[in-house]
Structure formats: structure tokens, C-alpha cells
Amino acid sequence: IGQDGVINGSSRTYLAMLFASTAVSKVGYYSGHSSGNLDIDLGFTARFVLIRKVNDGGGQWTVFDSVRGINPGGEPWLALESTDAQSNSNTDAIDVSGNTLTLNTGNSNVFSTDTSKKYIYYCHA
């Protein structure tokens, strides 16, 4: 994993999580695109969504879930690396309809119309 103290320092605590796509979960990546929202066919209805921008200094590990609500028009979300309470943003960052996850342009931690932005995601039914 290298010599960088951020990922391999002595006397530090780390957590590693490994994810894989299955019948009820999907791991993937996407880039921003200038034509607006992006639809991803998951093959199941997502109840948990974890997204992170991976370039330009990265971004927040942003979590959405059906317990808090994934609602058209705006949904609360958590930033895993923050000690803050959930955000009750009115920003419509994502939508789930059937097997489709729609990423909207309202939250740059989730999606951008800038084609140079890259993201990873994990979704679970």
C-alpha cells in the first residue's frame, strides 16, 4: 500500500472495507458528463448508496439510505468523514426508481456536468 503516512503510518488506526457486485449489491464508477443527470441500471432497488469523488483532491464519502429517505426533490445524507449530523439539504442529489439510480447535478460530491470528474459508488438493496 505504499509508504505514505496517510495510508501506512505506524501507531495509526485504519479501516479497510472491500465491496463486490452481487445480485443485491453493485460496485462501479462513472464520470461526469455535460448532458445532465445520469441513470445507472442496478438490477435491484437501492436502499443504501455510498458515493465518493476520486479525483481533484477527492470528496466526501457521501451516504444516502432509505431509512433517512431517498426522495425526489431532496434527501438527507451523511458524510462519513465528518462528525456533523446528517445534512438536511434540499438538494435533489439522487433518485431511485425501480432498478434505476439517477444521479442529479445538484451535489458535486455525487455528480458533475464536468466530464473530468470521476466517482466510485457502492449500492445495496
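In this report, helices (H or I, at least four residues) and strands (E, at least two) are DSSP runs, numbered from the N terminus. The model described here is predicted, so local features need pLDDT of at least 70 and side-chain atom pairs count only at pLDDT 80 or more, while totals for chains, interfaces and linings use all residues. Residues are numbered from 1 along each chain as its sequence is written, and side-chain values use heavy atoms, with hydrogens and water left out.

## Overall architecture

The order of elements from the N terminus is α-β-β-β-β-β-β-β-β. The C-alpha trace spans about 45 × 30 × 30 Å along its principal axes.

Contact means heavy atoms within 4.5 Å. Among contacts between residues at least 6 apart in sequence, 52% join residues at least 24 apart.

## Surface and charge

Accessible areas come from the Shrake-Rupley method with a 1.4 Å probe; for residues, only the protein chains shown count as cover. The protein exposes about 7300 Å², of which carbon and sulfur atoms supply 50%. A residue is called buried under 20% relative accessible area, exposed over 50%, and partly exposed in between (1.4 Å probe, protein chains only). By this criterion, 38% of the 125 residues are buried.

For charge, Lys and Arg count as positive and Asp and Glu as negative, whereas His and the chain ends are not counted. The place of a charge is taken as NZ of Lys, CZ of Arg, CG of Asp or CD of Glu. There are 8 positive and 11 negative side chains, and the centres of the two sets lie 6 Å apart.

## The nonpolar core

A nonpolar core is a set of buried Ala, Val, Leu, Ile, Met, Phe, Trp, Tyr and Cys residues joined through side-chain atoms within 4.5 Å. The largest such core has 21 residues, and those with the most contacts inside it are Y30, I51, I94, L103 and V110. At least two residues of this core come from each of β2 (38-41), β3 (48-53), β7 (100-103) and β8 (118-124). Strand β8 supplies the largest share, 3 residues.

D39 is in strand β2. L80 belongs to the loop between β5 (78-79) and β6 (94-97), and G58 to the loop between β3 and β4 (62-65). The table gives one C-alpha to C-alpha distance for each of them.

| Pair | Apart in sequence | Apart in space |
|---|---|---|
| D39 and T102 | 63 residues | 4.4 Å |
| L80 and T62 | 18 residues | 6.6 Å |
| G58 and K117 | 59 residues | 9.5 Å |

D39 counts as exposed because its relative accessibility is 52%. Neighbours within four places in sequence aside, D39 is in contact with T100, L101 and T102. L80 is partly exposed, with a relative accessible area of 48%; beyond four places in sequence, L80 touches L50, W61 and V63. G58 is buried, with a relative accessible area of 15%, and, leaving aside neighbours within four places in sequence, G58 is in contact with R52 and K53.
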